[in-house]
Amino acid sequence: MITAGVDIGSITAKAAVIVDGEVKGTRVDFTGYNAEQAGRRVLDELLKELGMDAQSIDRVVSTGYGRNSVKFADKAITEIICHGTGAHFLNPQVRSIIDVGGQDSKAMVVDSEGRVRDFAMNDKCAAGTGRFLEVMARALEVDLGDFGAKSLKSERPSKISSICTVFAESEVISLISKGEKRENIIAGIHDSVASRISALAKRIGVGEPLMMTGGVAKNMGVVKALENRLKMSIEVLESAQVNGAIGAAVMAARL
Amino acid sequence: MEVLNDFYRVAENPYEYSRELKKSGKRIIGYFCSYTPEEIISASGVHPIRLFGTGGDITLADSHLQPYCCSLVRGALEEALEGRLDFLDGTVFPHTCDSIQRLSDIWRLNTNFGFFADVVLPVKLNTESSREYFADILKKFRLDLERGLGVTITDDKLKTAITRYNNIRRSLKALYEMHSKEPGILSGRDLWAVTRASMIMERDDLLVKLSLLKEALKKGGRSGKSEGKKRLVLAGSVCDHPNVYTIIEDSGGVVVWDDLCTGSRYFEGTIEENGNPVESIAARYAERLVCPAKHLSNTARGDNIVRIVKKHDAGGVVFLLLKFCDPHDFDYPYMKEFLDRENIPSMLLEVEDSLPSEAQLKTRFETFIHML
């Protein structure tokens, strides 16, 4: 059985191919304006990389905010279900998952079969999401990829008290003009993101073993800040960003 | 089902409808919340219409109310200050939540609709003295209306109004029951339009339309399919968002009953027709399904939501709470505990006058419905 999962997020599109219960490959691309094209492209590129052709895929499940635009998918399933399924597939011990993507942060609790039992999702606000970090990276003129490493060097994290992304950005700008060290500001930003996410996670009572998925999980600064806030250890896999796509491919095998 | 169009026309354009009614010579009194003793207003010969928030932006009201007031209260004031309620001959405020009480003061000082009354209802409804007090307050309200509007409200007029409202409440409940049995006969949006219009439309005309609708439903209604749809209960304060029903239906669910101020809490409980009319009206309001701004017993609301879920064979509950609605927000953990104890899944959705983006809502509803 060969299945594929396509996860169209607000910023990136992800694809995963599973052959007989084993992840064959994954790929990340930008979503851009056209979600359907992005889904097609990221899967085609992945198949090319794997030397496979589209005909060999038995079933496709799409997920992510653009899931309904992926017309070639056999079924669209929400990213909350797919992240739960993906995390459970990669580590069946996991009982809680925090997924932070470009525009959403979500927390979910799963049972021993990986079925979502409860979940919470951020409301119409970008605080505690990847987009928040992107805005701050731009203000600080630091590559977002360097955020994690830089923040871990901080000795005295700044305090960012605004929840609103726009106000937080002006807070960051005034910290810059005061000559505050970048590391400290970044660490403060991470703690601010972590405080939002931990509030969401506590609402549904997340517990260990806890896994973090989604693009923001690549940022070790946020992960550490979140571990401190929740007083729990967080598992982050290499595949964190493509976890939703993997979950979708797993769901496709069960259709 | 042509009769549905009449309900939609009123539900979607309440002000236009009210202005037409006004032209025909009717005086109109606006009210907030389902604790308003509409029967007494109706008996005075004045037409009661329920006021909701605004669908538009809130700008003028923010000079009077802080952002921690719910969008219903802020929106209603916005409508008044914008002059969109110019058809009103008066307003009635029943004593319920803090924000409505404060709105009452601000309203009295900043608007000029003629008649104005605060109906200072008791909060604890389970004591002997509260019953007496409740009846006294309604007697005073009757006098206030008589003096303020220059009318006489006889016992006979009250009895006619009681019968009218009993019929309305029974009809709405019957429609809900028909829909719960066969959700395909009406969409959730249809039922929303019917209940909303019921609080706006001229009530005798409403009764005619309700029975026409009942007939149409007996013939099969919309004859839509509802097999495989997950049966849900909607709980909260007011639902002024018909899209919620549509999005739930698109996500594979169907709302089969509710615990809403604009739903079952409005129509549950009839009035004794043979007793002292004012005391009988007071008894109905004291005994009806309680809202979290009132107290009936420690378990009344929790038991009720569980009973609704079981009676209507629902798989889960969607709490639709208005942001900054204190009574419901304080009540939510208590309600959830009752459901958790019975292993009934629930989800919480906080909304304001406008809904979050449809994509966000769909993700939540689809996930919840998938979980069931």
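## Cysteines

Over all chains, a search of the whole structure finds 0 disulfides, a disulfide being a pair of cysteine sulfur atoms within 2.5 Å. This is a predicted model, in which local features need pLDDT of at least 70, side-chain atom pairs count only at pLDDT 80 or more, and totals for chains, interfaces and linings use all residues. Side-chain values use heavy atoms, with hydrogens and water left out; residues are numbered from 1 along each chain as its sequence is written, and chains are lettered from A and ligands numbered from 1 in the order in which they are written.

For C33(B), the closest cysteine sulfur belongs to C261(B), and the separation of 5.2 Å is too far for a bond. C70(B) is likewise in no disulfide, since the nearest cysteine sulfur, that of C325(B), is 6.0 Å away. C33(B) is buried, with a relative accessible area of 13%, and C70(B) counts as buried at 8%. Here buried means under 20% relative accessible area, exposed over 50%, and partly exposed in between, with a 1.4 Å probe and protein chains only.

## The sheet of chain A

Chain A contains an open sheet of 5 strands in the order β3-β2-β1-β4-β5, with mixed pairing. The edge strands are β3 (22-30) and β5 (75-76), each of which pairs on one side only. Helices (H or I, at least four residues) and strands (E, at least two) are DSSP runs, numbered from the N terminus; two strands pair if DSSP finds at least two bridges between them.

Strand β2 (residues 12-19) of chain A is joined to β3(A) in the antiparallel sense over 8 bridges, and the bridge partner of V17(A) in β3(A) is G25(A). Helix α1 (residues 35-50) of chain A packs on the sheet, touching β1 (2-8), β2 and β3 of chain A, and its direction makes about 135 degrees with that of β3(A). Axes are lines fitted to C-alpha atoms, for helices over the stretch in contact, and angles run from 0 to 180 degrees between N-to-C directions. Contact means heavy atoms within 4.5 Å.

Of the 5 residues of β4(A), 4 are buried, so the strand is largely enclosed by the rest of the structure. β4(A) pairs with β1(A) in the parallel sense over 5 bridges, with A4(A) opposite V60(A). The pairing of β4(A) with β5(A) is also parallel, over 2 bridges, and V61(A) has K75(A) as its bridge partner in β5(A).

R67(A) lies in the loop between β4 (59-63) and β5 of chain A and counts as buried at 2% relative accessibility. The side chains of R67(A) and T363(B) are joined by a polar contact of 3.3 Å. A polar contact is a pair of N or O atoms within 3.5 Å; within protein, one must be able to donate a hydrogen and the other to accept it, and residues adjacent in sequence count only if both atoms are side-chain atoms. Leaving aside neighbours within four places in sequence, the contacts of R67(A) include S62(A), A76(A) and E79(A) in chain A, and K362(B), T363(B) and E366(B) in chain B.

## Helix α12(B)

In helix α12 (residues 277-287) of chain B, 8 of the 11 residues are buried, so the helix is largely enclosed by the rest of the structure. Among them are V278(B), I281(B), R284(B) and Y285(B). The buried residues of α12(B) pack against α3 (38-43), α6 (128-149), α7 (155-181) and α11 (264-267) of chain B. At the start of α12(B), a side-chain oxygen of N276(B) reaches to within 3.0 Å of the backbone nitrogen of V278(B).

## Aromatic pairs

The structure holds 11 aromatic pairs over all chains. One of them, W107(B) with F113(B), is tilted, at 5.8 Å centre to centre and 40 degrees between the planes. Rings of Phe, Tyr and Trp (its six-membered ring) pair if their centres lie within 6.5 Å; planes under 30 degrees apart count as stacked, over 60 as edge-to-face and the rest as tilted. W107(B) is buried at 1% relative accessibility, and F113(B) is buried at 15%. Ring pairs link F32(B), F93(B), W107(B), F113(B) and F116(B) into a cluster.

## Backbone geometry

Most residues other than glycine have a negative phi, and most peptide bonds are trans. The peptide bond from E208(A) to P209(A) is cis, with omega near -10 degrees; P209(A) is found in the loop between α6 (182-203) and β9 (210-213) of chain A.

Phi is positive at E141(A), near 50 degrees, and at D313(B), near 55 degrees. E141(A) lies in the loop between α3 (130-140) and α4 (147-152) of chain A and is exposed, with a relative accessible area of 69%. D313(B), in the loop between α13 (300-311) and β7 (316-322) of chain B, is exposed, with a relative accessible area of 59%.
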